[in-house]
Amino acid sequence: MRPFLDMQFGERIVTLMAALVLVLQIAMVAQRWIVVHIRIFAAQSFFLAMIAATIAWYNHAPHLYIAAALTLVVKVTLVPLLFERLVKRMEIHEEIEPIVNVPLSVVIAGGLTLVGYVVAESFYRPEEPGLGHNALAVAISLFLIGFFTMINRRKALTQVLALLSLENGLFLAAISLTYGMPLIVELGIFFDVLVAAMVLGILVYRIRESFASMDVSRLRRLRG
Amino acid sequence: MLLIALLLIPFATAAVSFFVRRRAAMEAANLIGFGIVFLAAVALAGQVLARGTVSLANGFFYADALSALVILLTAAVALVCSTYSIGYLRDDQQSGALGDDASGTEQLARMRTYYTLTPLLVFSMLFMAMANNLGVMWAAMEATTLASIFLVTFYGKVTSLEAAWKYAIIGGVGLSMALFGTLVAYYAGHRLPGSESLSGLNWSVLAQHAAQLDKTSMRLAFVLILLGYGTKAGLAPMHTWKPDAYSEAPVPTTAILSTALLNCALYGLVRFYILTSRCLGADFPGHLLLLFGLLSMGVSVPFVLVQKNYRRLLAYHTIDHSGIMATALGLGGAMGSLGLMLHMTFHTIAKSLLFLCAGNVYQHFGTDLFAKLKGSVLRAMPLTGVVFLMAMLAIIGMPPFSLFQSEFLILRAAFDGGHLLTGVLFVLFSTGVFTGAILHVGGMVLGPGGETAVAARRPWRDGSMLALAAALVVIGFWVPAPLFQLISNAARVVNGQ
């Protein structure tokens, strides 16, 4: 039973899972199919929920269990299901065409990870015990890579997914910096994420119907 | 109790409009709902004047003079727009702009969208202005975006989809930065006693202990918040969604977005400005605000000068005014804060009036391009033409209108505070916008007219327009004493006393 009480062991688990989250984020930059993109997002959210549960266990922060459960419901189940149905209904088969090619994108994502670590250092307080040191660096990296992916994508749905992964970064930052926001705020954020996913999904569907494409670089009528 | 009523009534209005299937019932629900909301907002303002602050549910809801002013302005705009939109949507229905199937189900569905989402938008704005918890405030802000996306796509045109997409994505990225900023602010206060509880993120608590907040974190938090809420306020360079969304949404929605929602975004910014300036001193947030404020003013000048579309012209005008208000906040001090609050009030009246006039012109001529209007507004629509010109003169700061006073106050704050460059740029950019606006709107209203018949009377729209116009004229000469008291109390909140 000892590992379940040992803080150091907890930190190792969190770091391991944070690393997986980061790897998935970079995989998202690199892959080419929308359905895979959605599943990677679901997997990433799953590991986030696990991180939240681990931190809840080792730091005795019970409200984080609720945040973890909500992540499982909203980001691991509902949002991916919604988007996969959308993809099926729109009959999208084409590949994602990033603006910057894949190898270069991965290099840039690596560079952004480095930036994330540098920024996270300024928050590091060695005197304070906690689990979140590496997790925070990963969170900031997720945020930055999410930004980059949004700029780098032309397809509407992939931009939405990038926005959601950016939000995943914020969630990770919240649980590693302050063990999550107060519960009611967390509820508000989850509600917003769910509604935003639905609203943006409908919008994507309408754009696809009107333009016969999700290529947002074709949205260029409004100028000046 | 009032605070709860202010939230419940718009929500109930939305529910009623969603379930009734008749146009008249939806119109009545909106009208009555917003009427009560306005009365409640006035009552709240009275309470705040009498007691200082009003709070409820253990400080979860909290209203001081600043919140009360924002709530009052939001409720006023919502009420005027609800009367205006009755005439506006009926006209749209007749002209076939809402779809022209014979059974009318599509038209009714569109109207239901409008009459349901507008109260929800107002609900989230009011919630934002009275949420004490900064995280809840963020969630309400995000809800305003979500509620208004389908108002932007209301007409279902290809261009409205494009506008809504930009609005959703730029707004989404901006608000994610604001959430990060909120989070970092929470972290900055995490060593205060009681920070794990809900009230640890309450503005009133953080403001009391602002000096003990972690300084590095607050610095980062303010930058992120400025970028985040600045996007919603339309500060350059995050302003690009604004002209698109404003020219595609139905005009009453645009009037709400460009005044009440702008006020709410600035309100969020002001709350964090107060925390940051108490923690780090006013210089750091002030300089950043001046930078973004002047940039927004400067960016809007060329677009106002060469604009071809009058609804986009008004949108760039809003960007300019958003910049003016950010500048006023950046200047700070007693005079800058008072200038900001006065300007917020006056701008809300004048800009919503301008959009209502623009809506009248748009519906009559069916175009929003100057070139196709051929300057015949005054002849075709004498009343709208006169009011349009008057409101335009007011908004570019011509005396005797009230915006002259507030802009002059802000300018004085700049020179008195030794911000010489800010003052000079402020005058320069204002002159540019002034020229562009006079050039276009003057030409549009007064120019040689083609042969057009005089438009028929439109009681709902003209009535709302005249009510606002009367308010604009009166307030230029006489600000009612309680309103001025509320404004100066709000300025005192900003100034940190």
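Two residues are in contact if their C-beta atoms, placed from the backbone, lie within 7 Å. The views below show a predicted model, in which local features need pLDDT of at least 70, side-chain atom pairs count only at pLDDT 80 or more, and totals for chains, interfaces and linings use all residues. Residues are numbered from 1 along each chain as its sequence is written, while chains are lettered from A and ligands numbered from 1 in the order in which they are written.

**View 1. Chain A, with 7 helices and 0 strands.**
Helices (H or I, at least four residues) and strands (E, at least two) are DSSP runs, numbered from the N terminus. Along the sequence, the pattern of chain A reads α-α-α-α-α-α-α. Its C-alpha atoms fill a box of roughly 60 × 35 × 35 Å along the principal axes. Among contacts in chain A with a separation of 6 or more, 75% join residues 24 or more positions apart. Of its 224 residues, 46% count as buried, that is, with 20 or more other C-beta atoms within 10 Å of their own.

**View 2. The largest nonpolar core, with 268 residues.**
Such a core is a set of buried Ala, Val, Leu, Ile, Met, Phe, Trp, Tyr and Cys residues joined through C-beta atoms within 7 Å. Residues with the most contacts inside it include A:Ile51, A:Leu172, B:Leu69 and B:Ile71. Helix 6 (residues 158-188) of chain B gives the largest share, 20 residues. Look too at B:Leu69: leaving aside neighbours within four places in sequence, B:Leu69 touches B:Met341, B:Leu486, B:Ile487 and B:Ala490.

**View 3. Where chain A meets chain B, with 33 residues from chain A and 34 residues from chain B.**
On the chain B side, helix 5 (134-152) and helix 6 are the elements that give two or more residues. Helix 6 of chain B supplies the largest share of that side, 17 residues. By class, the chain B side has 21 nonpolar, 9 polar and 4 charged residues; Ala, Val, Leu, Ile, Met, Phe, Trp, Tyr, Cys and Pro count as nonpolar, Asp, Glu, Lys and Arg as charged, and the others, Gly among them, as polar.

**View 4. Helix 3 (residues 65-95) and helix 4 (residues 105-130) of chain B, packed together.**
Their axes lie 10 Å apart, at an angle of about 175°. That makes helix 3 of chain B roughly antiparallel to helix 4 of chain B, a description used for angles over 145 degrees. Among the residues making the contact are B:Ile71 and B:Ala78 of helix 3 and B:Tyr114 and B:Leu126 of helix 4. The contact residues divide into 11 nonpolar, 4 polar and no charged.

Key
A residue is buried if 20 or more other C-beta atoms lie within 10 Å of its own, exposed if 12 or fewer, and partly exposed in between; C-beta atoms are placed from the backbone. Axes are lines fitted to C-alpha atoms, for helices over the stretch in contact, and angles run from 0 to 180 degrees between N-to-C directions. Angles under 35 degrees count as roughly parallel, over 145 as roughly antiparallel, 65 to 115 as roughly perpendicular and the rest as oblique.
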